[in-house]
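Biologist: I would like to go through this model term by term. Please set each value against its cut-off.

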Amino acid sequence: MNTTTIKKFIEGIPKAELHLHIEGTFEPELMFKIAKRNNKKIKYNSVDELKKAYSFNNLQEFLDIYYAGANVLIEEQDFYDLTWAYLTKVHEQNVVHVEIFFDPQTHTDRGIAFDTVIKGIYRALQDGEQQLGISFKLIMSFLRHLDEASAFKTLEDALTYKNWISGVGLDSSEVGNPPSKFERVFAKALEEGFITVAHAGEEGPAEYIWEALDLLKVTRIDHGNRCLDDDKLVERLADLQMPLTVCPLSNLELKVVTDLKDHPIPKMIEKNLLVTVNSDDPAYFGGYMNENYLGITQALNLSKKQITQLAKNSFKASWLTDREKEKRIAQIEDYFQNNH
Ligand code: HPA
Ligand code: ZN
């Protein structure tokens, strides 16, 4: 298949994004603009200089830069502008539903109020729904390098916004911070009615995926690459049809894989795992949803049928109602019939 044909096919297919950190959509141009109006300094002198720093050997090297970037976000309008920029970008890419993470502790630890953060993000999401037709869910993620007490405090803050937040997640430095560290926090979150997800098996071992399932009672695994080290785990994930929110360009940029040609997605599909494709932190990893789809399609020679399956999976794995899912899946089926 030639590049133009496949690119057009990917661009046109309706998609849901399920693994996206809103702080990871902070494009350098917007970062400089917001820094200027807030009188905040950036360590780099220009957009180009900053972009040159985006070269990572592992997750931690990325996280250091990602948290530094978020430092210039101060006002509610900043969080609005960040979220709005993401929504307009993915709207062009035919992303029609998003379930996005925000990391409140990245901001509350710097003295920014939880309310400021969530109000800006939520107002943009509402405007995105009304003006761009993008439906959404919001997921509050705990930073796993911080302690349990800090996570409990954050959960407490979230209770005021229960109607705005659908689920809780777990991100940041994985190795050495296993899901078990947050078992009690997640038990409380479940009691309060939040759905749970967790990053597991990105750099951490398969054992962390077992813990996410058994201790945190997650309904999705974010990343999950390392499940392939453990046949029993693969069997369990396949039996449960537990979604994996896989992020190809993130995996490449953080050296989870050395080449997209070696990406485990085909193996995951072959093992009947419910795989979805997502962008994680698109401003840092060189691509939004369509670039991720295109990257793996070209590297792994995926067919239109396989791309269609991945797009269907994104809705199947979402937290939309069964009716909404059926509607989107039927739309994708029509698209495939008319475009292959
Ligand atoms: N892994 C862990 N934490 C993160 C990531 C990730 O890929 N992106 C933003 N925070
Ligand atoms: Zn992530």
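Biologist: In which sense do strand β1 and β2 pair, and over how many bridges?

Modeller: Strand β1 (residues 15–17) and β2 pair in the parallel sense, over three bridges. Pairing requires that DSSP finds at least two bridges between two strands. A16 stands opposite H97 in β2. One caution: this is a predicted model, where local features need pLDDT of at least 70, side-chain atom pairs count only at pLDDT 80 or more, and totals for chains, interfaces and linings use all residues. Residues are numbered from 1 along each chain as its sequence is written, chains are lettered from A and ligands numbered from 1 in the order written, and side-chain values use heavy atoms, without hydrogens and water.

Biologist: What does β2 pair with in the parallel sense over six bridges?

Modeller: That partner is strand β3 (residues 135–143). In β3, K137 is the bridge partner of E99. Strands here are DSSP runs (E, at least two residues), and helices are runs of H or I with at least four, numbered from the N terminus.

Biologist: Why is β2 called largely enclosed?

Modeller: Eight of the eight residues of β2 (residues 95–102) are buried, so the rest of the structure largely encloses this strand. Buried means under 20% relative accessible area, exposed over 50%, partly exposed in between (1.4 Å probe, protein chains only).

Biologist: Why does N38 count as buried?

Modeller: N38 has 16% relative accessibility, so it counts as buried. N38 sits in the loop between α2 (28–37) and α3 (47–52). Beyond neighbours within four places in sequence, N38 is in contact (heavy atoms within 4.5 Å) with V72, I74, E75 and D78.

Biologist: Is N301 buried or exposed?

Modeller: N301 is at 67% relative accessibility, so it counts as exposed. N301 lies in the loop between α15 (289–300) and α16 (304–316). Its phi is positive, about 60 degrees, although N301 is not a glycine.

Biologist: What makes K255 partly exposed?

Modeller: The value for K255 is 44% relative accessibility, so the residue counts as partly exposed. K255 is in the loop between α12 (248–253) and α13 (265–270). Phi of K255 is near 65 degrees, a positive value in a residue other than glycine.

Biologist: At what angle do α1 and α17 pack?

Modeller: Helix α1 (residues 3–12) and helix α17 (residues 322–339) pack at about 155 degrees, with axes 11 Å apart. That makes α1 roughly antiparallel to α17, a term for angles over 145 degrees. The contact involves K8, F9 and G12 of α1 and Y335, F336 and N339 of α17.

Technical notes: Axes fitted to C-alpha atoms, helices over the stretch in contact; angles between N-to-C directions. Parallel < 35°, antiparallel > 145°, perpendicular 65-115°, else oblique.
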